[in-house]
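Good morning, and thank you for coming.

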Amino acid sequence: MSLFVVSVTFRNAKGDLLLVRKRGTTAFMLPGGKVEPGETHPQATVREVAEELSLTLDESDLTLLGHWSAGAANEPGLTITSDVFLAPLPGEPVASAEIEELRWLPLTPDAATAPALSPMLVEHVIPALLQRPLGPRG
């Protein structure tokens, strides 16, 4: 079974990557979620960021980092496909809605070996971010 979601990468001034852990789960992942009927992928990303982190983004803030698939972190047997966007951090994130915990992950060459990371982070997002310089758009 497969599920499509959108997600976004936020990095702080040190270059650390913002991760979230949803209530009742153990794995950390990027903020984001499902696309509602009638929404574009950027619209869904802006809405999810507002719901989960109490941050305001504009669609023009988003740049596509990649489109990938990986095993779901918290649902065995499910594959997640995601458009992953870069965005500048627009303020101080606050865990909201179903988000239980926020964590900043230093993006070092061994970052993908940190415990409790989603397969999408380990297999695709962290390697892609490590290959890009930290810029103003995240």
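A network of salt bridges links Glu36, Glu39, Arg47, Glu48 and Glu51. Please bear in mind that this is a predicted model.

Arg47 belongs to helix H1, which covers residues 41–53. The side chain of Arg47 makes a polar contact of 2.6 Å with that of Glu39, and another, of 3.1 Å, with the side chain of Glu48. Leaving aside residues up to four places away in sequence, Arg47 touches Lys34, Val35, Glu36 and Glu39.

What of the helix itself? Which residues of H1 are buried? They are Ala44, Thr45, Val46, Arg47, Glu48, Val49, Glu52 and Leu53. Strands E1 (2–9), E2, E3 (32–33), E5 and E6 (99–105) are the elements against which the buried residues of H1 pack. Just after the helix, Ser54 has a positive phi of about 55 degrees.

In soluble globular proteins, nonpolar side chains tend to be buried together. Here the largest nonpolar core has 23 residues, of which Leu19, Leu65, Leu121 and Val125 touch the most other members. Two or more residues of this core come from each of strand E2 (17–22), strand E4 (63–71), strand E5 (79–86) and helix H2 (119–130). Helix H2 gives the most, with 6 residues. Leu121 touches Leu17, Leu19, Phe28, Met29, Leu30, Ile126 and Pro127, again not counting residues up to four places away in sequence. Apart from this core lies another, of 16 residues, which includes Ala44, Val49, Ala87 and Ile99.

Finally, let us return to salt bridges. How many are there by the rule applied here? The count comes to 9 salt bridges. One of them joins Glu98 and Lys22, with the closest N and O atoms 3.8 Å apart. This pair links distant parts of the chain, 76 residues apart: Glu98 is in the loop between E5 and E6, and Lys22 is in strand E2. Glu98 counts as partly exposed because its relative accessibility is 30%. Lys22, with a relative accessible area of 22%, is also partly exposed.

Glu100 and Arg23 form a salt bridge as well, at 3.2 Å from N to O. Here too distant parts of the chain are linked, with Glu100 in strand E6 and Arg23 in the loop between E2 and E3, 77 residues apart.

Note on methods
Residues are numbered from 1 along each chain as its sequence is written. This is a predicted model: local features need pLDDT of at least 70, side-chain atom pairs count only at pLDDT 80 or more; totals for chains, interfaces and linings use all residues. Side-chain values use heavy atoms; hydrogens and water are left out. Helices (H or I, at least four residues) and strands (E, at least two) are DSSP runs, numbered from the N terminus. A polar contact is a pair of N or O atoms within 3.5 Å; within protein, one must be able to donate a hydrogen and the other to accept it, and residues adjacent in sequence count only if both atoms are side-chain atoms. Contact means heavy atoms within 4.5 Å. A nonpolar core is a set of buried Ala, Val, Leu, Ile, Met, Phe, Trp, Tyr and Cys residues joined through side-chain atoms within 4.5 Å. Buried means under 20% relative accessible area, exposed over 50%, partly exposed in between (1.4 Å probe, protein chains only). A salt bridge is a side-chain nitrogen of Lys or Arg within 4 Å of a carboxyl oxygen of Asp or Glu.
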